[in-house]
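Subject: Handing over a structure

Hello,

Here is the structure I promised to pass on to you. Have a look at it first, and then read on for what turned up in it.

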Amino acid sequence: MKIRRIAFLFIAVILSAAAAHSQNEKSATSSSSDTAKPFLGRWDLTLKAPDREYPSWLELREENGQLKAQMVGRWGNARPLPSAELSNGRLKFISPKEEEGSKVDMVFEGTLAGKILSGTTNGPDGKTWQWTGHRALALKRTSPPNWSAPIQLFNGKDLTGWHEDKPGASPGWKVENGALITPGNGPELINNSKFEDFKLHVEFNCGPESNSGVYLRGRYEVQIETDSVAEPPTHHTGGVYGFLAPTPELPRKPAEWQTYDITLIGRMVTVIQNGKTVIDNKEIPGITGGALDSHEELPGPIYLQGSEKGHVLFRSIVLTPARK
């Protein structure tokens, strides 16, 4: 009887310890989740190199208790990062050297103070760069817009109302026979005015093996290309580069005039290509690499990409702004 009692007490102790361990694990998991929560979501980043600032974008989320991240760097599209971790209130994530044009991986480390993420990273130039992040706003609109009168952004004659991001660069943009022509591996062409919500009509003609794009507010690229068949659908004509694929995707038409009718309200975008809706009121999660800045809450210009190869022609660029 005494042996049975000792055995019973021994089993009770084991069960009690197991229950306590399980509870501690749950508490640790809950605590970890609570610690990560302020960091989760989308962040508009600014990387401060010695010579300039680079816009960037980061999204953090939890999957099965693990921190996951995707990032838009100084160029290109949103991509998953190989490593992201949070320890003692300090965030660390790594962007591979292959994506950064660097000899070594860029290691970002930072902390959250109030509503601002900030920290340092090792720049491709070998110097320490500072970076800051502000939470990306939802940009939700509470009512449908009222539209103002249409504005002709291109006069069909010259570059009045536009400027190149690298003045005096060669090759540069030119106007021939009433059309703007991309230089091919040259500067970007930026409109002098800034807009918030709008409807935009653009006529374009993409040469064979050529590439360009229309940046909305200077931050979100609607792609134009005839050279990216092997790339993901979000890199194809009609898509918002790296985020939204055109559905359906229309056949490529090299050297033929086509049209875009684009509506941007907050983050919600509709793209109509040649009269066919290919993106229907979808949310744009973040900026495209090559954006002018990461201040998504602010108005921005239309800009036409000239840094890619080949030649793309533009004409009849008409913007209808929403009334404020």
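A word on terms before the pockets: on a 1 Å grid over the protein atoms alone, a pocket is an open set of points with protein on both sides within 12 Å along at least five of seven lines, while a cavity is a set of points where a 1.4 Å probe fits but cannot get out. Residues count as lining when they have an atom within 4 Å of a point. Grid points are joined across faces, edges and corners, and a volume is the space filled by probe spheres set on the points.

Please keep in mind that this is a predicted model, where local features need pLDDT of at least 70, side-chain atom pairs count only at pLDDT 80 or more, and totals for chains, interfaces and linings use all residues. Residues are numbered from 1 along each chain as its sequence is written, and side-chain values use heavy atoms, with hydrogens and water left out.

The largest pocket has a volume of about 590 Å³. It is lined by 28 residues, of which Arg74, Trp75, Glu188, Gly290 and Ser307 are the closest to its centre. At least two lining residues come from each of strand E2 (53-63), strand E16 (211-216) and strand E17 (220-225); strands (E, at least two residues) and helices (H or I, at least four) are DSSP runs, numbered from the N terminus. The lining of this largest pocket has ten nonpolar, ten polar and eight charged residues. In that count Ala, Val, Leu, Ile, Met, Phe, Trp, Tyr, Cys and Pro are nonpolar, Asp, Glu, Lys and Arg are charged, and the others, Gly among them, are polar.

The second largest pocket holds about 250 Å³ of space. Of its 16 lining residues, Glu196, Asp197, Ala322, Arg323 and Lys324 are the closest to the centre. Seven residues of the lining of the second largest pocket are nonpolar, three are polar and six are charged.

**The cavity**

How many cavities of 30 Å³ or more does the structure hold? There is one, and the largest cavity has about 60 Å³ of space. Glu225, Thr237, Arg252, Lys253 and Gln258 are the closest to its centre among the 13 residues that line it. Strands E15 and E17 each give at least two residues to the lining of the largest cavity, which divides into six nonpolar, four polar and three charged residues.

**Cores**

A nonpolar core here is a set of buried Ala, Val, Leu, Ile, Met, Phe, Trp, Tyr and Cys residues joined through side-chain atoms within 4.5 Å. Buried means under 20% relative accessible area, exposed means over 50%, and partly exposed lies in between (1.4 Å probe, protein chains only). The largest nonpolar core has 41 residues, and those that touch the most other members are Leu200, Leu216, Val269, Ile302, Leu304, Phe314 and Ile317. E15, E16, E17, strand E18 (257-265), strand E19 (268-273), strand E20 (276-283) and strand E22 (312-321) each supply at least two residues of this core, and E15 gives the most, with five. A second, separate core has 20 residues, including Leu47, Leu81, Met106 and Leu117.

**Some residues to look up**

Asn211 sits in strand E16 and counts as buried, at 6% relative accessibility. Its side chain makes a polar contact with the side chain of Asp227 (3.1 Å); a polar contact is a pair of N or O atoms within 3.5 Å, where within protein one must be able to donate a hydrogen and the other to accept it, and residues adjacent in sequence count only if both atoms are side-chain atoms.

Val312, in strand E22, is buried, with a relative accessible area of 0%. Leaving aside neighbours within four places in sequence, Val312 is in contact (heavy atoms within 4.5 Å) with residues including Leu180, Thr182 and Asn211. Val312 and Thr182 are 130 residues apart in sequence, yet 5.4 Å apart in space, C-alpha to C-alpha.

Gly207 lies in the loop between strand E15 (198-206) and E16, and is buried at 12% relative accessible area.

Lys103, in contrast, is exposed, with a relative accessible area of 78%. Lys103 is in the loop between helix H2 (97-100) and strand E7 (106-113).
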